Amino acid sequence: MGRPKIISGEIRLNEQMTSFFPAVADYFRDVYPAEACCIIAGREGETRLFKAPNISKNPTYFFEMDPRLFIEIEDLGFQVQMLAHSHPDGDCAPSRSDIEGWFFTDLNQKSRPIFPGVLFAIMSVHGVDVSAAVYGADAGHFVEINV
Ligand SMILES: [Zn+2]
């Protein structure tokens with residue numbers, strides 16, 4: 001993976017986040033062929049990786065995070081910066097359920113991100129081969145960020 005590209009606006013991919021990508025990829029390889037998720041969160045002077053167990057009843061095809069993990073992360077004083085999940089035997093493009101899960105339609109019928117400013121990394125996992133793409137959910141659509 002090359003140098004992260006910093007794009008303008010609120011969405012900023014930084015090297016603290018991408019420094020966790022090898023550990024995230026290792027975790028996703030371990031959980032393969034099931035889908036897996038991690039949260040990268042930061043607080044003053046510290047960025048940390050949290051593995052999020054998949055509580056879906058159908059973990060090969062779907063991902064469901066335990067909402068209590070978000071509360072624990074906040075209780076520790078961390079702010080969620082990135083949600084990363086794997087697409088076992090898939091590509092790095094957001095799936096239909098990703099898009100449905102990451103946006104909601106507000107009272108003015110406008111599509112808005114559920115986690116504003118949070119980045120989404122999708123890692124395609126084919127056995128030991130892993131590739132990644134990072135997206136920012138902005139104004140109702142995804143902006144792809146090269147890694
Ligand atoms: Zn997905």
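Author: Helix α3 is followed by G77, whose phi is positive, near 90°; helices here are DSSP runs of H or I with at least four residues, strands are runs of E with at least two, and both are numbered from the N terminus. This is a predicted model, in which local features need pLDDT of at least 70, side-chain atom pairs count only at pLDDT 80 or more, and totals for chains, interfaces and linings use all residues. Residues are numbered from 1 along each chain as its sequence is written.

A residue is called buried if 20 or more other C-beta atoms, placed from the backbone, lie within 10 Å of its own, exposed if 12 or fewer do, and partly exposed in between.

D89 sits in the loop between β3 and α4 (96-102), and it counts as exposed because it has 12 C-beta neighbours inside 10 Å. Q109, likewise a residue other than glycine, has a positive phi near 65°, and its place is the loop that runs between β4 (103-105) and β5 (111-113). With 6 C-beta neighbours inside 10 Å, Q109 therefore counts as exposed.

Another backbone feature concerns omega: the peptide bond leading from Y32 to P33 is cis, with omega near 10°, and P33 belongs to the loop between α2 and β1.
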